[in-house]
Amino acid sequence: MRIPAIILGCLILAGCGGYTTTKRETGYKGKAKVDAYLAATRFLERFGYAVESKPGWPDLEQDVSMLFVPAEVISTEAYIREVDQWVAGGGHLLCLVEWGESYRDEWSPFAGFRSGEEGDVPEALHGWLEGAGVELSSAAASDKFSEDKLNYHNKTYEIFAESHARLKADGKDRIFDQVRYGDGLITVMTDARPFRNRHIGEHDHAELLLDLVNASPYRGKVVIVRDAAISLWSLVWHHGSAVVIGILAVTLFWLWKNMPRFGPLRREESRTTARDYDHHLEALGDFQWRLDKGAAMLRPLRDSVLERAQRMSASGHRDGDLFEWVAQRAGITRDRAERAMTHDRPPDPASFARLIADLQKIHLSLT
């Protein structure tokens with residue numbers, strides 16, 4: 001009793017020490033939490049640009065002038081071919097190497113942690129950029145490269161960007177590089193945070209974004225791919241819509257064939273006394289078979305056959321062998337007639353059933 005009282009007293013005393021309220025920033029809510037480029041979208045719309053923010057790979061139509069895309073999205077040769085044709089035709093690609101995906105949480109205590117191959121550029125994209133003249137490399141997780149000034153079109157922008165990846169331009173490490181490709185432009189930034197909601201209002205990030213969009217070879221719609229993840233359903237529908245339609249058609253046909261038809265259900269048959277009588281006879285037959293192999297069940301039928309045979313012989317229809325006479329009337333052999341009238345213990349149920357059948361034929365022939 002003393003120990004619980006001591007523990008209770010300690011808890012009460014521990015609660016008398018007061019508490020400290022600590023406020024911690026956890027990030028945005030609502031649409032800004034889902035779309036890390038919401039502020040950039042509204043900023044460009046204010047300057048008259050049509051901006052479309054998408055969670056997956058877009059259709060690179062003719063009216064798209066600039067594409068913001070995380071590097072991890074361009075992971076297949078099919079995407080490379082599509083981007084290659086679009087950029088060569090005059091499109092402006094802004095490839096964001098790190099922090100490009102919207103789902104990355106900048107307020108997380110593990111935000112600066114880099115695990116495994118996270119942040120690495122897909123091999124297909126790396127080869128394509130190298131062919132276009134962009135030299136991109138990545139460093140160890142603990143080796144970061146940062147820049148606070150960026151020179152672009154004879155103008156210096158104050159920025160802050162930090163990345164494990166780095167670009168080689170004019171023999172120096174950079175976080176930004178831009179090359180011409182066909183009639184279009186390829187721009188690579190190793191850190192996307194200057195254009196994300198949290199940092200676009202700092203330094204000259206917004207001005208740099210606007211000048212990059214203005215540098216596009218032609219004016220049109222700006223598309224921002226905010227996530228690398230593509231839903232499985234979108235992927236399947238995009239590449240195999242005919243197969244999906246076929247599977248749905250087969251499923252509907254199978255349901256139509258196997259589902260019960262509409263209408264009133266069949267009434268369950270009520271339990272009848274005849275059914276009970278059948279069960280009683282079945283149980284009685286089983287008992288007799290185990291008792292004497294059915295000899296007791298054969299006796300009444302044989303007695304009835306003998307009675308009818310004697311009555312008919314008395315009227316002058318018998319002229320010799322009884323078994324031969326009943327066999328001829330029943331249409332069976334004499335041996336079967338004799339066995340039906342004399343065999344007492346059939347060895348198995350099948351033999352018993354044949355004896356009963358022969359006795360019934362003889363019995364019916366004597367009517």
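This is a predicted model: local features need pLDDT of at least 70, side-chain atom pairs count only at pLDDT 80 or more; totals for chains, interfaces and linings use all residues.

Residues are numbered from 1 along each chain as its sequence is written, and side-chain values use heavy atoms, with hydrogens and water left out.

Start with helix 6, residues 205-214. Helices here are DSSP runs of H or I with at least four residues, strands are runs of E with at least two, and both are numbered from the N terminus. Helix 6 is mostly covered, with eight of its 10 residues buried. Buried means under 20% relative accessible area, exposed means over 50%, and partly exposed is in between (1.4 Å probe, protein chains only). The buried residues are His205, Ala206, Leu208, Leu209, Leu210, Asp211, Leu212 and Val213.

What packs against helix 6? Helix 3 (residues 38-46) does, at an angle of about 60° and with the axes 11 Å apart. That makes helix 3 oblique to helix 6. For the wording, angles under 35 degrees count as roughly parallel, over 145 as roughly antiparallel, 65 to 115 as roughly perpendicular and the rest as oblique. The axes are lines fitted to C-alpha atoms, for helices over the stretch in contact, and the angles run from 0 to 180 degrees between N-to-C directions. On the helix 3 side, the contact (heavy atoms within 4.5 Å) is made by Ala40, Phe43 and Leu44, and on the helix 6 side by Ala206, Leu209, Leu210 and Val213. The residues of this contact divide into seven nonpolar, no polar and no charged. Here Ala, Val, Leu, Ile, Met, Phe, Trp, Tyr, Cys and Pro count as nonpolar, Asp, Glu, Lys and Arg as charged, and the others, Gly among them, as polar.

Val326, Arg329 and Ala330 in helix 10 meet Lys361, Ile362 and Ser365 in helix 12. By class, that gives three nonpolar, one polar and two charged residues.

On to single residues. Glu98 sits in strand 3 (residues 92-98) and is buried, at a relative accessible area of 8%. A polar atom of its side chain lies 3.2 Å from the backbone nitrogen of His164. That is a polar contact: a pair of N or O atoms within 3.5 Å, where within protein one must be able to donate a hydrogen and the other to accept it, and residues adjacent in sequence count only if both atoms are side-chain atoms.

Trp99 belongs to the loop between strand 3 and helix 5 (123-132), and is buried at 12%. Trp99 has a positive phi of about 60° although it is not a glycine. Trp99 and Phe195 are 96 residues apart in sequence, yet 9.9 Å apart in space, C-alpha to C-alpha.

His203, in the loop between strand 10 (184-191) and helix 6, also has a positive phi, of about 50°, without being a glycine. With 49% relative accessibility, His203 counts as partly exposed.

Finally, Arg180 in strand 9 (residues 176-181) counts as exposed at 55%. Its side chain reaches the backbone oxygen of Asp183 at 3.4 Å.
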